[in-house]
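Please read this report beside the sequence and the coordinates.

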Amino acid sequence: MSYLSTTDFTEDEAFVDRFQRTMKGDLDLSWLDEPRERVGCRPENPRRGLTFRDLDVGGYGFSEMPEVIRKNRSFAPRGAALADGLPDLQADVNRKSEVWAYNVEGYYEEAMTRQWNATTDIPWADLQAHELPEDIGKAYAQLLTFLTEVEMIATDVPAKWLGRLNADFFEVKNFIATQAMDEARHAEIFRKRALSTGWGLMRASAHNEFNLKFLRDADSFAEASLTLHLQAEGMVLTLFRFSEYISPTEGDKKLFRLVMQDEARHVGYGMQHLKWVLDHYPERREAIHRHLDEAENFVFGAVYATEVLEPFIILAGKGLKKENVAEGIRITMAFNLKQTDEYFERLAKCGLPERRDRSRLWKATEMARQSMASAA
Amino acid sequence: MGYFAETDFFEDGQLIELLNQILAGNLTLEWYRVDNVRARAVAADPRRGLTYADCNLGQYGYDDIPELVRNRNSMAARGSVLPAKLPDLGYTINRKSDVWADGVVVLYEEAKTRRWAPAVDVPWAELAARFDRTREAAMAQLSTLLAEVALVAMEAAARWVFSINQEFLELKSFLCAQMIDEARHVEAWRKRALVSGEGLGRASVSAEQGLKELLSAETYPEASVGVNLLLGSFVLAACRALAALADTHADRRLAVLSMQDVARSVAYGTAQVRYHLAHQPARAAVLAEYLDRTEHTVLGIFGSPEFLEPLVLLAGRGQQPAARARGGAFARRWFATAVEEYLARTAAAGLAAREERSRLARLVRASAA
């Protein structure tokens, strides 16, 4: 049996009596006399409207939120008067530095204003007017199949954590909700595009699926965010940028520009969260390294994901002929180096510059860079 | 850390060999040769764009999802070719009629086109300088309670997404739309409480007890009927009342925009029960029993002093005895109508005889006597 309210309200005579008297205009009004902080929240910039930052005032704001939430264990909005008898919702995460990020309120507001629609914001009719040759069409459909497959991991994982966070962290919860919607839209747009190429969906990737399982099973929100927002989405962001570059049509370039905008926001949250963790909870540093050790193992193993690597080579080289493949390999290698460089750069900016020295992925990348340089 | 790769890839000679082969231009092209089904989705109505309904094609479509999903437990895109070895991602909801609803795809498309942003779509400046303190305090208290309710509605959708098989992509996408809708309501009601200077009111013990019970449903069908149909019906009625009682454009707009979102959840909740019972008729008794014991939660929420008393003050437009009596009469009609509409929806969904079984209906009859 699940949780049952401490009172069955329809059977509680006092409650029903109070209810019926209220409907006759007999009011208690004790809520009206509840001591409260009276604040006037105004839009700092009227063109931006009333933002969460405008609400960052006194006990209602996020700046004054303590590191450890000890009092509110219910759904009460932060700053509301708490009456005795509120239920304990048993949040698992009650420490601000486990979830918070610099500018999380800004990322949320941006997400709300930059929602777009995969159904109507892509020139589908134009895309369908372009008949893709078989090698490009199949390679593109395969890349899109991969993207369809991975997008909603970034819905499922944050959603799993949303209900486990203390209600005082509602700005983070709200941000997670926007991310869930963003990722649903990404899965939608990649699926629709794959199905509109005429080639249908291609093959799922076993290696990537094992990586998704790793992302799903992180032990803490901070670890889940680290590998999901910063590592995985960071790498996907670079992938989107290159995909825009190698896209077969203008409509496809627009598609990647739109998803990039969302992805950049998620990576932004991941970076600002890691920064916050390192600034406020430095004991986590070693746990972060250990989690990244395994995350990078999956990244290196992505060579086995030929369902991603090979179509990328074909799209970059614009075909399957020998010279096309050679050119595709050159561009793809450059992309891989860029992807890894950006990843380590992000970690360094967040306060983890020593990651390069510790990382086997970095060493492998350096070796690849040297062998490319000597081959050139 | 919960899960590790089977291989330490940095020590994997086969991987290096594969990489060298690919870099030499010898692609495997195994994926290129798969025997997949070709498809070409085309927009039926170009003005509407390419909808999910346009992509409902053969094995790729949602109509072809079997009632029991037995062989797809990964995140592989529905209809894609599966390689030999895929992990089990641990989905616990694998039965279509436990989650699906006719029209869920349309509701998802609608959610995207009707998006709004509280920061800019409500003329907040209009509410900045209000002089009727009682009225403002009442609005702030109602907003406090509605923010609590919205947070639970957001979490209700979020807590199930993780467990639902990825084959039900369109349904999961709708739940994501619900999450962002409710995040918007958490935001909007909080802003409404804080904009006029009154500050947040009091969190309601009875409302939160009711909300926790609703959130703790053990199965998805119970959670959906409880949150989308039962709770949603009352939130919809509350937003409609606030729109009717609003004396500013801003308050009316806030209530109307919220109503639009909540109506989608109620529509899904009603259609979900209908679909569920059409495919699992024996479950009617289970859902009926669930509602028998759970309906009391909405009395705890919407019969709480923190909701009902400010509603009486807003409707009566004052604190004088005559105004209170007027407001009380409004609240009585409001509650009776909300119950009536909820019962009509349960009947439309296929839950017969709730009118007789429902303790809420009995309460309305007793209150009218």
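## Basis

This is a predicted model, in which local features need pLDDT of at least 70, side-chain atom pairs count only at pLDDT 80 or more, and totals for chains, interfaces and linings use all residues. Residues are numbered from 1 along each chain as its sequence is written, while chains are lettered from A and ligands numbered from 1 in the order in which they are written.

## Domains of chain A

Chain A has two parts, domain 1 (13-90) and domain 2 (96-375), with bounds taken from an automatic or database domain assignment. Taken over C-alpha atoms, the centres of domain 1 and domain 2 of chain A are 39 Å apart. Their contact uses 12 residues of domain 1 and 11 residues of domain 2; two residues are in contact if their C-beta atoms, placed from the backbone, lie within 7 Å.

On the domain 1 side of chain A, six nonpolar, three polar and three charged residues touch domain 2. Here Ala, Val, Leu, Ile, Met, Phe, Trp, Tyr, Cys and Pro count as nonpolar, Asp, Glu, Lys and Arg as charged, and the others, Gly among them, as polar.

## Contact between the chains

Chain B gives 129 residues to the contact and chain A gives 126. On the chain B side, helix 5 (residues 169-195) gives the most, with 16 residues. Helices are DSSP runs (H or I, at least four residues), numbered from the N terminus. The chain B side divides into 71 nonpolar, 29 polar and 29 charged residues.

## Nonpolar core

The largest nonpolar core has 241 residues, of which B:M154, B:M179 and B:L311 touch the most other members. Such a core is a set of buried Ala, Val, Leu, Ile, Met, Phe, Trp, Tyr and Cys residues joined through C-beta atoms within 7 Å. Helix 4 of chain B provides the largest share of this core, 19 residues. Beyond four places in sequence, B:M154 is in contact with residues including A:K173, A:A177 and B:M179.

## B:V152

B:V152 lies in helix 4 (residues 133-161) of chain B. B:V152 is buried because 24 other C-beta atoms lie within 10 Å; the cut-off for buried is 20 or more, with 12 or fewer for exposed and partly exposed in between. Beyond four places in sequence, B:V152 is in contact with A:F75, B:L211, B:L214 and B:L215.

## Helix 7 of chain B

Helix 7 (residues 220-245) of chain B has a kink of about 40 degrees centred on B:G232, the bend being the angle between axes fitted to the seven residues ending at a residue and the seven starting there. Of its 26 residues, 23 are buried, so helix 7 of chain B is largely enclosed by the rest of the structure.

Notes:
Helices (H or I, at least four residues) and strands (E, at least two) are DSSP runs, numbered from the N terminus.
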